[in-house]
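Dear colleague,

I am handing over the structure below, and my notes on it follow. Please look through the coordinates alongside the text.

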Amino acid sequence: MKNYLKKHPNATVVNLGCGLDQTGLACDNGTCHIVNIDFPDIIKIRNLWMPVHEREENIAADIRNDSWMDQIDGSRGIILFASGVFHYFKTEEVKALVLRLSQHYPNGCLIFDTIGKAGLRLMMSKILKNMGIQDVKGYFCVSDPLKELNWSDTINVSSKGYMLGYYDMKSPGIHPSHRLLARLGDRMMKMSIIKMEF
């Protein structure tokens with residue numbers, strides 16, 4: 001995200017399905033515009049507990065509904081990110097959203113996390129089951145990002161491991177057991193961070 005903002009310092013940073021996350025503010029370069037989007041009840045809580053800062057706004061919307069796109073200017077660059085969001089969408093919903101974003105925001109960038117089928121099943125046994133989702137068939141999961149997310153010739157897809165991609169696991173302060181868990185998460189659960197450049 002910071003690399004994108006170096007090239008587009010006045011870009012809009014959009015947190016899709018933000019919850020109470022403040023990643024946008026953590027990446028604030030002093031000139032970008034920050035937008036947080038989530039369902040109305042979530043935004044109501046966010047507005048109550050987390051007043052917006054300068055150059056920040058909250059939008060109440062379902063991100064699968066395109067209406068919010070008309071409220072966001074991407075002419076100076078736009079980077080959208082979704083953390084822990086797409087797991088709860090059907091694959092066709094994610095694909096349709098990505099294709100609409102690529103058309104609406106040319107030269108924009110989308111970053112999100114994915115998990116493989118085994119990881120999704122593990123999630124189902126806990127989180128998804130509590131949400132009343134019993135069958136994960138059709139829900140968004142990815143084992144081979146470069147192959148499975150090749151949805152358009154105009155979208156450049158890249159990926160890196162979720163755990164190994166965030167931290168340098170070769171650092172001396174990292175315990176060997178943590179390195180092992182990171183490898184298991186990334187390789188066995190197919191956890192990845194995906195970047196799509198439009």
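**An exposed leucine and its surroundings**

At 62% relative accessibility, Leu-48 counts as exposed, where exposed means over 50% relative accessible area, buried under 20% and partly exposed in between (1.4 Å probe, protein chains only). This is a predicted model, in which local features need pLDDT of at least 70 and side-chain atom pairs count only at pLDDT 80 or more, while totals for chains, interfaces and linings use all residues. Residues are numbered from 1 along each chain as its sequence is written, and side-chain values use heavy atoms, with hydrogens and water left out.

Leu-48 is found in helix α3 (residues 40-49); helices (H or I, at least four residues) and strands (E, at least two) are DSSP runs, numbered from the N terminus.

Helix α4 (residues 91-104) has 14 residues and reaches 20 Å from its first C-alpha to its last, close to the 20 Å expected at 1.5 Å a residue, the expected span being 1.5 Å times one less than the number of residues. Its buried residues are Val-94, Leu-97, Val-98, Leu-101 and Ser-102. They lie on the same side of α4, because they cover an arc of only 135 degrees around the axis, taken from the directions from the helix axis to the C-beta atoms. These buried residues of α4 pack against β4 (78-82), β5 (109-114) and β7 (192-197), with contact meaning heavy atoms within 4.5 Å. The face of α4 turned away from its buried side carries the exposed residues Glu-92 and Gln-103.

Over the protein, there are eight helices and seven strands, and buried residues make up 40% of the 198 residues.
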